[in-house]
Structures are given as structure tokens and as C-alpha cells.
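Here is a short briefing on one protein model. Please read it beside the sequence and the 3D view.

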Amino acid sequence: YDLSDDSDYAISDNKVMDRGSEETARVVYEKERVTIHPSQYGSGRISGKLRLFLQQGSLFLSWGPNESTSSVGVEIEKYRNLYTIKALPLSDVRFIRRYTPTFGLDYIIIVLSSGLAFPPFYFYNGGIRELFATLKQHVFIISLKTDSPYLVTLQKSLSSLELPGVASVANAMSQNSLSFTGSNDESRHGATSSMSQYSSKQKHKSNDPGRDLSIQVLEKFSLVTKFARDTTSSLFRDNSAAHAYGRQQHEYILDKATDHKNQYITPEKASTPSATIESDPLPLVWGKQRDRPLSVEEWTAFLDPEGRVMDSKALRKKVFYGGVDHALRKEVWKFLLGYHEYDSTYAEREYLAAMKRAEYEAVKSQWKSISATQAKRFTKFRERKGLIDKDVVRTDRSIPYYEGDDNQNVVVLRDILLTYSFYNFDLGYCQGMSDFLAPILYVMEDESESFWCFASLMERLGANFNRDQNGMHAQLLALSKLVELLDPPLHNYFRQNDCLNYFFCFRWVLIQFKREFSFDQIMLLWEVLWTHYLSEHFHLYLCVAILKKYRQRIIGEQMDFDTLLKFINELSGQINLDRAIQDAEALCTIAGENGASCIPPGTPPSMPIELYVQED
């Protein structure tokens with residue numbers, strides 16, 4: 001995300017630059033070797049000096065790069081002037097996030113009131129404590145103590161967070177306050193502190209009793225962090241602190257220390273809209289009526305005597321329109337997920353299963369052989385194991401297959417996730433992965449085959465969990481373009497209400513509607529999505545269809561971001577799945593090539609290249 005392409009940034013940049021020529025300033029803080037990383041390569045850093053100074057009674061921030069050296073490439077050199085800050089008034093800063101990771105350098109991210117963000121500033125020689133100590137002398141600082149895992153402050157909704165003591169503090173804040181949050185990997189689940197900008201002109205929202213306070217509060221943070229993440233995506237691929245940062249973004253959406261995850265949505269509840277959540281009549285050409293699931297007889301007819309699928313496109317079409325009979329899922333899902341090739345024979349698949357089982361056991365033995373003494377010296381293993389242990393006991397426990405204490409299926413779920421974290425050590429484990437694995441294990445009822453099907457799925461969806469969040473950003477950007485194409489009035493409404501980041505759809509996209517439908521329904525929906533029949537990004541058209549369904553209510557009730565986020569979350573269990581798929585099909589057909597052009601190449605979930613070659 002190049003800030004030079006953003007006209008708003010250019011306006012803001014010129015505004016703060018012009019102030020640098022005013023009267024002589026008094027420097028109150030200065031630190032050398034405060035560095036930005038405009039590229040993913042460590043050698044591409046630009047070091048400079050960060051200052052705080054007083055001028056005409058106001059506090060300003062500046063950062064300027066050191067003199068250029070011959071070791072800096074042309075591609076890096078162009079960023080020197082782009083990110084130079086001559087005189088940024090603190091009144092123009094909306095939010096400062098401080099990061100003090102267990103490993104790696106301390107850094108901060110500065111977000112402007114306009115929503116734009118500078119890349120992270122890394123403190124190679126320390127000095128962050130002194131920076132904020134100086135800020136405390138000149139700006140009003142509020143300390144918030146909450147029980148939520150991460151501090152969340154938003155300028156528009158501080159008083160609506162319903163956290164102890166927040167509302168009274170927010171009402172007393174001055175217009176010159178600055179928002180600040182801190183993060184530390186060692187105390188990620190503890191209380192944090194903050195300062196928050198608050199305007200006396202800001203209208204107060206009514207307090208809504210949250211059925212899931214933690215997830216509502218944490219999702220509010222997404223509106224702010226999105227901007228910082230956009231401008232730092234390349235850097236986060238290589239930074240040691242980034243994985244914890246990326247993991248936080250999943251955790252605030254998928255916080256499992258709530259009752260929401262364990263609420264089992266019955267098919268009856270999911271198919272019957274609540275009286276309180278009414279949809280608009282959708283003026284679409286309806287897609288085809290849903291067909292019956294693929295039967296054993298139909299499946300057999302697709303296979304030749306040696307077990308090859310003779311017409312994979314016809315098979316995928318059948319699954320798209322009707323799904324798969326549950327008795328067949330264990331076999332058919334292996335093809336849909338890319339574990340088996342469509343032209344493989346019975347004998348080849350049997351041989352593959354034996355080879356893959358041996359490979360799985362070899363990978364699993366890597367972590368099984370780690371002794372307690374070695375684990376004490378293996379921080380990454382302990383961290384990942386701790387996250388997995390915490391998540392698996394909260395994943396689909398209302399489903400009979402996973403319910404109850406000492407459930408062996410939960411143990412298998414944990415073992416597969418731990419093994420995958422060693423198999424794909426770069427990606428590791430992030431919250432949300434257990435959501436994808438649970439239905440796969442439920443269907444396969446085999447540890448090795450579940451692992452390889454899950455690994456194949458992660459080849460497509462792994463980018464959802466990348467530390468830089470580029471995969472999620474690409475999908476939300478594509479969603480924005482599709483809404484603009486298929487429902488311009490709704491898109492314009494989102495534009496006018498600062499909702500164009502589409503973060504209210506984050507959960508839908510991240511775990512592909514896992515929380516919105518019952519367990520049985522999500523298996524049907526996923527096998528429809530896995531066919532990639534009309535589009536490999538059919539889940540985005542499904543998002544558009546649901547938003548379009550409720551457009552009249554969204555606009556009629558003048559929903560802002562917070563209200564919209566709450567409304568979207570409350571749709572869980574209220575969406576008619578068959579109708580949503582039909583509407584999404586109609587939208588996908590209407591959009592045609594124009595819709596496909598809205599989605600950049602490589603946007604997840606992309607099918608592995610070898611599968612494209614095979615299909616061709």
C-alpha cells in the first residue's frame with residue numbers, strides 16, 4: 001500500500017510540511033536510529049531521527065531520514081522523502097500503538113485522524129519509554145483497566161464500550177487528548193493502558209447490552225488497526241514481532257473466551273429468520289433451485305472401472321447445486337480439497353494413503369519427541385502448543401462428536417494442529433484454524449487423512465492467517481469492489497459512513513461463515529465453495545448477497561460502523577443458506593467478467609497451480 005498513491009495522504013503531508021518553516025521550535029525529545037522498513041528485506045531499512053518539539057504552544061512530531069548511503073537501493077531511496085515528517089501536530093494524530101514484543105525491536109504505529117497511517121517506527125537504540133514519558137508531560141493520558149484481552153479504544157465509541165470506568169472518563173476528556181495503546185507479548189491477555197482522543201462535539205451512542213462483550217469490543221479495534229496494517233504489510237513478512245501482531249488480529253475476531261463459539265445453531269434456527277431481524281425483498285433474478293445431494297448411485301456413475309472421475313466439471317456442478325450425501329463426504333471431500341487428483345485410480349489412492357500416513361507420523365514424531373527439558377528452551381513450541389491447547393477445548397464442543405470431558409476426538413484435533421505447526425512452521429498456528437479442521441476431522445474420522453485434507457485446504461486459505469494480513473486485506477478490497485459493482489447505493493452509503501474497509505465482514509471471510517450457520521449447514525456451504533464451480537471466490541459473492549438482502553434496513557436505520565458490526569454479528573443463525581447461495585449465484589452470473597476483474601489474481605482462496613494444470 002503505497003501512501004504516495006493516496007491523494008488524502010498527499011494533502012495531509014503538505015499540511016504538516018508547511019508548518020516546519022515557522023518560528024524556532026524547542027525540542028523536548030530526540031532519538032537517533034528510529035527506523036522504518038519500507039520493504040520486506042532487512043537490508044532495506046531507512047534510519048532517521050525522531051523528535052518531539054514545542055512550537056507556538058503546541059506539540060509537534062517530526063521524523064527525518066539520515067543522509068543517504070550507497071548501500072541503499074533505488075527502490076528504497078524513493079521512500080526517504082515519502083515518509084519524512086517535518087512537523088506533524090499531535091492534534092492530527094488519532095492513535096498511537098506501542099509494541100514491545102518478547103523478541104525483536106520495540107516499535108510504534110502512528111495513525112492520523114484521517115485514518116491514514118505511517119509505517120512502523122522501530123527503535124534500534126531503545127527510547128520508547130522516554131517518548132511516552134515526554135508525551136505524558138504535554139498530552140492528557142487516560143489509563144484504562146479492563147478484563148478484555150486487548151485494549152480497544154475508538155474515538156467514536158469510547159463511551160459505548162461498556163467497560164468499567166470508561167464512560168465517566170470519556171466524558172471528562174479534553175479535545176487535545178491523544179489515543180495510545182500498548183502491547184506486550186508476555187502480557188497479551190492482561191490489562192493495558194490507553195489515551196484516547198475525544199471531542200466534545202462527539203455524540204454519545206446508547207449502551208447496547210452485548211451478548212458477547214469481548215468480541216464486540218475487540219472488533220471495534222479493527223477500524224483503527226486496518227490502516228496501520230495496510231501500510232506495513234511487506235515489512236510484517238519478515239519481522240520477528242509480526243507473528244504475534246497478526247495473531248492478535250485473529251484473536252480479537254475469534255476470541256474463544258466467550259460463550260458465542262459454543263452456541264450450537266440448530267438447522268431450524270438457521271433457516272427461520274428472527275422476527276427482530278427482517279430482510280429486504282431482493283429484486284434479483286434467482287439462481288437455480290437447490291438440488292438434492294449427490295447420491296451413492298450418482299457418485300458411482302462418475303467413476304470409471306478403475307476409480308477415475310470421468311467428468312470432474314460435471315461432478316463439481318452437481319455438488320455446487322446440491323451438496324454431497326453425508327455418507328459420501330469422506331470420499332468426495334478428498335477430491336474437492338485437492339488431496340486426491342480426479343484422474344487417480346483406486347490403487348493409486350490406496351498407495352497414496354499409505355505413503356501419506358507414514359509421512360504424517362514422521363512429522364508428528366518431531367514434536368512428540370520433545371522432552372520437557374527441551375520444551376523449556378523452545379519458546380515457539382510452547383507458545384503454539386499453549387494456543388492450540390486453549391482453542392481445541394473451545395471448538396465445536398456443543399457437537400456430540402467433540403462434547404464431554406476427556407474426549408479423544410479433541411485430543412486428535414490438538415495433535416493434528418500441532419503436527420501442522422511443524423509441517424508448515426512458517427505459518428504455524430493461528431486462531432481460526434481449529435474452526436476449519438473440526439468439520440474435516442468429523443467427516444474423515446481418520447487422523448492422517450484429516451491432516452492432509454486440512455493441509456490441502458490451507459494451501460488455499462493459509463493466506464487468511466498470514467502475519468501481514470495481506471490475504472484478508474485483498475479479499476476485503478475485492479469485496480468492496482464487488483459491492484460497488486453490484487450495489488452502488490449500498491457502496492456509496494458505506495463510503496459516506498467510513499465503512500469502506502468492510503471490516504464488519506471480517507469474520508465471514510476469515511473462517512468462511514463458520515459462525516453464521518449450523519454445523520450441518522457449514523459442511524454443505526463449504527463443499528459448495530470448494531467446488532470453485534462458478535468462481536473460486538464465490539464466498540465474496542455470498543457476502544454481497546447477504547449485505548444486499550439487508551440493504552434497506554442498513555440504510556434506513558442509518559447504521560454507522562459500530563451498529564453495523566453489531567447487526568452483522570447478530571445475523572448468526574438467521575440467514576437462510578439455500579436462498580443466500582441462490583442469490584450469490586445470481587449475482588455472480590450478473591457480474592460476469594466485470595466481477596472477475598474486481599478480484600486481483602492471487603486473492604485467496606486460489607487453487608493450487610497443479611490443480612489448474614490438471615483441470616486444463
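**Helix H18 and the overall picture**

Helix H18 (residues 447–461) has 15 residues, which at 1.5 Å a residue should span 21 Å; its end C-alpha atoms are 20 Å apart, which agrees. The expected span is 1.5 Å times one less than the number of residues in the helix. This is a predicted model: local features need pLDDT of at least 70, side-chain atom pairs count only at pLDDT 80 or more, and totals for chains, interfaces and linings use all residues. Residues are numbered from 1 along each chain as its sequence is written, and side-chain values use heavy atoms, with hydrogens and water left out.

**Whole protein**

- The protein has 27 helices and 9 strands. Helices (H or I, at least four residues) and strands (E, at least two) are DSSP runs, numbered from the N terminus.
- Of the 616 residues, 58% are buried. Buried means under 20% relative accessible area, exposed over 50%, and partly exposed in between (1.4 Å probe, protein chains only).
- Among contacts between residues at least 6 apart in sequence, 75% join residues at least 24 apart. Contact means heavy atoms within 4.5 Å.

**Two enclosed helices**

- In H18, 13 of the 15 residues are buried, so the helix is largely enclosed by the rest of the structure.
- At the start of H18, a side-chain oxygen of Asp-446 comes within 3.2 Å of the backbone nitrogen of Ser-448.
- Helix H23 (residues 538–549) has 12 residues and should span 16 Å at 1.5 Å a residue; its end C-alpha atoms are 16 Å apart, which agrees.
- In H23, 12 of the 12 residues are buried, so this helix too is largely enclosed by the rest of the structure. The buried residues include His-539, Lys-548 and Lys-549.

**Nonpolar cores**

- The largest nonpolar core has 118 residues; Phe-494, Phe-504, Leu-525 and Leu-547 have the most contacts inside it. Domain 2 (345–464) and domain 3 (470–598) both give residues to this core, so it lies between them. The domain bounds come from an automatic or database domain assignment.
- Apart from this core lies another, of 28 residues, among them Leu-88, Phe-121, Phe-123 and Phe-132.
- A nonpolar core is a set of buried Ala, Val, Leu, Ile, Met, Phe, Trp, Tyr and Cys residues joined through side-chain atoms within 4.5 Å.
- Leu-525 touches residues including Phe-513, Phe-517, Leu-542 and Ile-581.

**Strands and loops**

- Lys-49 sits in strand E2 (residues 46–55). Its side chain makes a polar contact of 3.2 Å with the side chain of Glu-32. A polar contact is a pair of N or O atoms within 3.5 Å; within protein, one must be able to donate a hydrogen and the other to accept it, and residues adjacent in sequence count only if both atoms are side-chain atoms.
- Asp-106 lies in the loop between strand E5 (93–100) and strand E6 (107–112). Asp-106 is partly exposed, at 27% relative accessible area. Among the residues Asp-106 touches are Phe-121 and Phe-123.

**Backbone exceptions**

- Most residues other than glycine have a negative phi, and most peptide bonds are trans.
- Arg-33, in strand E1 (residues 26–36), has a positive phi of about 55°.
- Gln-56 has a phi near 55° and is exposed, with a relative accessible area of 55%.
- The peptide bond from Pro-604 to Pro-605 is cis, with omega near -5°. Pro-605 lies in the loop between helix H26 (577–597) and helix H27 (609–615).

Key:
Lists of a residue's contacts leave out its neighbours within four places in sequence.
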